[in-house]
Amino acid sequence: MALRNIAALVLFVMMVLCGACSGAVYRVGDSDGWTSRGVVDYNKWASTKDFHVGDTLIFAYNNQFHNVMQVSDQDFQSCNATSAIATYTSGSDTVTLKRPGHYYFLCGAPGHCQAGQKVDIEVTLPVPESMIQSPSPSPYGSSSNSVSHPEAMSPSSTLSSAPTLNSSKLGFAATASVLGLLRFVF
(Lines give C-alpha, C1' and ligand atoms only; values in the text may rest on other atoms or scores of the structure.)
Protein backbone atom coordinates (compact mmCIF):
# COMPACT_ATOMS: atom_id res chain seq x y z
CA MET A 1 0.00 0.00 0.00
CA ALA A 2 2.84 2.42 0.83
CA LEU A 3 4.41 1.71 -2.55
CA ARG A 4 1.15 2.64 -4.26
CA ASN A 5 0.99 5.92 -2.34
CA ILE A 6 4.55 6.73 -3.35
CA ALA A 7 3.77 5.90 -6.98
CA ALA A 8 0.67 8.10 -6.86
CA LEU A 9 2.70 10.95 -5.36
CA VAL A 10 5.39 10.58 -8.02
CA LEU A 11 2.72 10.59 -10.75
CA PHE A 12 1.15 13.72 -9.29
CA VAL A 13 4.50 15.54 -9.10
CA MET A 14 5.35 14.54 -12.66
CA MET A 15 1.96 15.74 -13.92
CA VAL A 16 2.54 19.10 -12.24
CA LEU A 17 6.04 19.35 -13.71
CA CYS A 18 4.86 18.32 -17.17
CA GLY A 19 2.18 20.98 -17.05
CA ALA A 20 4.98 23.53 -16.71
CA CYS A 21 6.91 21.88 -19.55
CA SER A 22 4.27 22.05 -22.21
CA GLY A 23 6.17 23.97 -24.88
CA ALA A 24 7.30 27.32 -26.15
CA VAL A 25 5.12 30.42 -26.01
CA TYR A 26 5.21 32.85 -28.94
CA ARG A 27 3.61 36.27 -29.13
CA VAL A 28 2.48 36.61 -32.75
CA GLY A 29 4.20 39.67 -34.25
CA ASP A 30 6.46 39.98 -31.20
CA SER A 31 6.13 43.43 -29.55
CA ASP A 32 3.96 44.77 -32.41
CA GLY A 33 1.30 42.14 -31.78
CA TRP A 34 -1.55 41.34 -34.18
CA THR A 35 -2.19 44.46 -36.26
CA SER A 36 -3.08 45.55 -39.79
CA ARG A 37 -0.84 48.64 -39.82
CA GLY A 38 1.63 46.89 -42.11
CA VAL A 39 4.52 46.94 -39.62
CA VAL A 40 4.77 43.14 -39.44
CA ASP A 41 5.17 40.62 -42.22
CA TYR A 42 3.58 37.75 -40.31
CA ASN A 43 4.70 35.00 -42.65
CA LYS A 44 8.28 36.29 -42.49
CA TRP A 45 7.92 36.40 -38.68
CA ALA A 46 6.69 32.78 -38.65
CA SER A 47 9.47 31.62 -40.99
CA THR A 48 12.07 32.52 -38.34
CA LYS A 49 10.48 30.23 -35.73
CA ASP A 50 10.37 26.47 -35.21
CA PHE A 51 6.85 25.66 -34.04
CA HIS A 52 6.26 22.29 -32.39
CA VAL A 53 3.27 20.39 -31.08
CA GLY A 54 2.56 21.72 -27.58
CA ASP A 55 3.71 25.28 -28.32
CA THR A 56 1.34 28.17 -27.67
CA LEU A 57 0.61 31.26 -29.75
CA ILE A 58 -0.54 34.48 -28.10
CA PHE A 59 -2.45 36.93 -30.28
CA ALA A 60 -2.43 40.39 -28.65
CA TYR A 61 -4.58 43.05 -30.35
CA ASN A 62 -7.25 45.72 -29.91
CA ASN A 63 -10.48 43.74 -30.09
CA GLN A 64 -12.47 46.80 -31.16
CA PHE A 65 -10.71 46.65 -34.53
CA HIS A 66 -9.39 43.10 -34.94
CA ASN A 67 -10.10 39.44 -34.30
CA VAL A 68 -8.34 36.15 -35.02
CA MET A 69 -9.89 33.52 -37.20
CA GLN A 70 -8.47 30.07 -37.81
CA VAL A 71 -9.33 29.07 -41.37
CA SER A 72 -8.60 26.42 -44.00
CA ASP A 73 -5.75 26.76 -46.50
CA GLN A 74 -8.19 27.70 -49.27
CA ASP A 75 -9.85 30.40 -47.12
CA PHE A 76 -6.40 31.65 -46.06
CA GLN A 77 -5.26 32.03 -49.67
CA SER A 78 -8.43 33.93 -50.65
CA CYS A 79 -8.81 35.87 -47.36
CA ASN A 80 -12.26 34.33 -46.88
CA ALA A 81 -13.39 34.82 -43.29
CA THR A 82 -16.93 33.48 -43.69
CA SER A 83 -16.29 29.85 -42.76
CA ALA A 84 -13.82 29.95 -39.87
CA ILE A 85 -12.72 26.83 -38.01
CA ALA A 86 -12.48 28.96 -34.84
CA THR A 87 -12.91 32.65 -34.05
CA TYR A 88 -11.16 34.50 -31.21
CA THR A 89 -12.23 37.97 -30.06
CA SER A 90 -10.82 38.65 -26.57
CA GLY A 91 -7.84 40.77 -27.65
CA SER A 92 -5.46 38.40 -25.84
CA ASP A 93 -6.07 34.95 -27.26
CA THR A 94 -3.97 31.85 -26.74
CA VAL A 95 -3.93 28.96 -29.17
CA THR A 96 -2.16 25.73 -28.32
CA LEU A 97 -0.72 23.91 -31.33
CA LYS A 98 -1.98 20.36 -30.80
CA ARG A 99 -1.01 18.57 -34.02
CA PRO A 100 1.63 18.77 -36.73
CA GLY A 101 0.70 20.53 -39.96
CA HIS A 102 -0.34 24.01 -41.00
CA TYR A 103 -2.47 26.36 -38.93
CA TYR A 104 -3.87 29.31 -40.87
CA PHE A 105 -4.95 32.51 -39.09
CA LEU A 106 -6.28 35.80 -40.40
CA CYS A 107 -8.08 38.89 -39.18
CA GLY A 108 -11.72 38.88 -40.23
CA ALA A 109 -12.14 42.68 -40.20
CA PRO A 110 -12.81 43.99 -43.74
CA GLY A 111 -9.56 44.56 -45.67
CA HIS A 112 -7.21 43.46 -42.89
CA CYS A 113 -6.31 40.07 -44.36
CA GLN A 114 -5.72 41.67 -47.75
CA ALA A 115 -3.43 44.18 -46.00
CA GLY A 116 -1.30 41.30 -44.70
CA GLN A 117 -2.86 40.50 -41.34
CA LYS A 118 -2.65 36.74 -41.80
CA VAL A 119 -0.16 34.06 -40.84
CA ASP A 120 0.61 30.46 -41.81
CA ILE A 121 2.08 28.54 -38.88
CA GLU A 122 3.78 25.25 -39.77
CA VAL A 123 3.94 22.88 -36.79
CA THR A 124 6.23 19.87 -36.50
CA LEU A 125 6.82 17.21 -33.88
CA PRO A 126 9.70 17.98 -31.52
CA VAL A 127 12.97 16.27 -32.45
CA PRO A 128 14.63 14.40 -29.55
CA GLU A 129 18.03 15.90 -28.68
CA SER A 130 19.61 12.48 -29.12
CA MET A 131 18.87 12.73 -32.86
CA ILE A 132 20.53 16.15 -33.26
CA GLN A 133 24.22 15.88 -34.11
CA SER A 134 26.64 18.40 -32.67
CA PRO A 135 29.32 19.75 -35.00
CA SER A 136 32.75 18.18 -34.50
CA PRO A 137 35.27 20.56 -32.96
CA SER A 138 38.34 21.50 -34.99
CA PRO A 139 41.60 19.94 -33.86
CA TYR A 140 43.62 22.21 -31.57
CA GLY A 141 45.93 24.50 -33.43
CA SER A 142 44.52 23.81 -36.88
CA SER A 143 43.67 26.68 -39.14
CA SER A 144 40.57 26.79 -41.21
CA ASN A 145 39.56 28.95 -44.13
CA SER A 146 35.87 28.57 -43.31
CA VAL A 147 33.85 31.54 -42.18
CA SER A 148 32.12 31.40 -38.81
CA HIS A 149 28.49 32.47 -38.59
CA PRO A 150 27.80 33.01 -34.87
CA GLU A 151 24.26 34.26 -35.54
CA ALA A 152 23.44 30.80 -36.92
CA MET A 153 24.85 29.06 -33.86
CA SER A 154 23.33 31.02 -31.00
CA PRO A 155 19.69 31.95 -30.45
CA SER A 156 18.62 35.58 -30.46
CA SER A 157 18.78 37.27 -27.09
CA THR A 158 15.67 39.29 -27.83
CA LEU A 159 13.02 38.14 -25.38
CA SER A 160 10.06 39.04 -27.56
CA SER A 161 11.14 36.90 -30.51
CA ALA A 162 12.48 33.92 -28.60
CA PRO A 163 10.27 31.27 -27.07
CA THR A 164 9.68 31.93 -23.40
CA LEU A 165 9.41 28.27 -22.43
CA ASN A 166 10.67 25.24 -24.29
CA SER A 167 10.93 22.17 -22.12
CA SER A 168 8.61 19.76 -23.91
CA LYS A 169 11.38 17.17 -24.24
CA LEU A 170 11.77 17.16 -20.46
CA GLY A 171 8.02 16.72 -20.11
CA PHE A 172 7.97 13.75 -22.50
CA ALA A 173 10.94 12.14 -20.73
CA ALA A 174 9.36 12.66 -17.31
CA THR A 175 6.06 11.19 -18.44
CA ALA A 176 7.80 8.17 -19.98
CA SER A 177 9.78 7.64 -16.76
CA VAL A 178 6.68 7.74 -14.60
CA LEU A 179 4.79 5.38 -16.88
CA GLY A 180 7.75 2.99 -16.79
CA LEU A 181 7.81 3.19 -13.00
CA LEU A 182 4.09 2.60 -12.72
CA ARG A 183 4.34 -0.49 -14.92
CA PHE A 184 6.47 -2.11 -12.20
CA VAL A 185 4.34 -0.87 -9.28
CA PHE A 186 0.93 -1.95 -10.59
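Me: What joins strand S2 to strand S8, and do they run parallel or antiparallel?
Reply: In this predicted model, S2 (residues 51–52) and S8 (residues 118–124) are joined by two bridges and run parallel.

Me: Which residue of S8 is the bridge partner of Phe 51?
Reply: The partner of Phe 51 is Val 123.

Me: And how many bridges join S7 to S8?
Reply: Six bridges join S7 (residues 101–106) to S8, and these two strands run antiparallel. Within that pairing, Phe 105 stands opposite Val 119 of S8.

Me: What is the strand order of the open sheet?
Reply: The order is S2-S8-S7-S4-S5, five strands with mixed pairing. S2 and S5 (86–88) are the edge strands, each pairing on one side only.

Me: How is S4 joined to S7?
Reply: Three bridges join S4 (residues 68–71) to S7, and the two run antiparallel. Here Gln 70 has Phe 105 of S7 as its bridge partner.

Me: What holds paired strands together in general?
Reply: Strands of a sheet pair through backbone hydrogen bonds, in either a parallel or an antiparallel manner.

Me: Changing topic: how many aromatic pairs does a search of the whole structure find?
Reply: The search finds seven. One of them is Trp 34 with Phe 59, whose ring centres are 5.1 Å apart; their planes stand at 85°, so the pair is edge-to-face.

Me: Where do Trp 34 and Phe 59 lie?
Reply: Trp 34 is in the loop between strand S1 (25–27) and helix H2 (42–47), whereas Phe 59 is in strand S3 (residues 56–60), so their pair ties together parts that are 25 residues apart in sequence.

Me: Are those two buried or exposed?
Reply: Both Trp 34 and Phe 59 are buried. Phe 59 also forms a tilted aromatic pair with Phe 105, at 5.0 Å centre to centre and 55° between the planes.

Me: What is the relative accessible area of Phe 105?
Reply: Phe 105 has a value of 0% and is buried. For Phe 59 the relative accessible area is likewise 0%.

Me: Which residues do ring pairs link into a cluster?
Reply: The cluster consists of Trp 34, Tyr 42, Phe 59, Tyr 103 and Phe 105.

Me: Which residue lies over the face of Tyr 103?
Reply: Arg 99 does, at 4.4 Å from the ring centre. Elsewhere, Lys 118 lies over the face of Phe 76, at 4.6 Å from the ring centre.

Technical notes. Residues numbered from 1 in each chain as written. Predicted model: local features only at pLDDT ≥ 70, side-chain atom pairs only at ≥ 80, totals over all residues. Heavy atoms only, no water. Pairing = 2+ DSSP bridges. Helix = DSSP H or I, 4+ residues; strand = E, 2+ residues; numbered from the N terminus. Phe/Tyr/Trp six-rings, centres within 6.5 Å; stacked < 30°, edge-to-face > 60°. Buried < 20%, exposed > 50% of the residue type's maximum accessible area, 1.4 Å probe, protein only. Lys NZ or Arg CZ within 6 Å of the ring centre and 35° of its normal.
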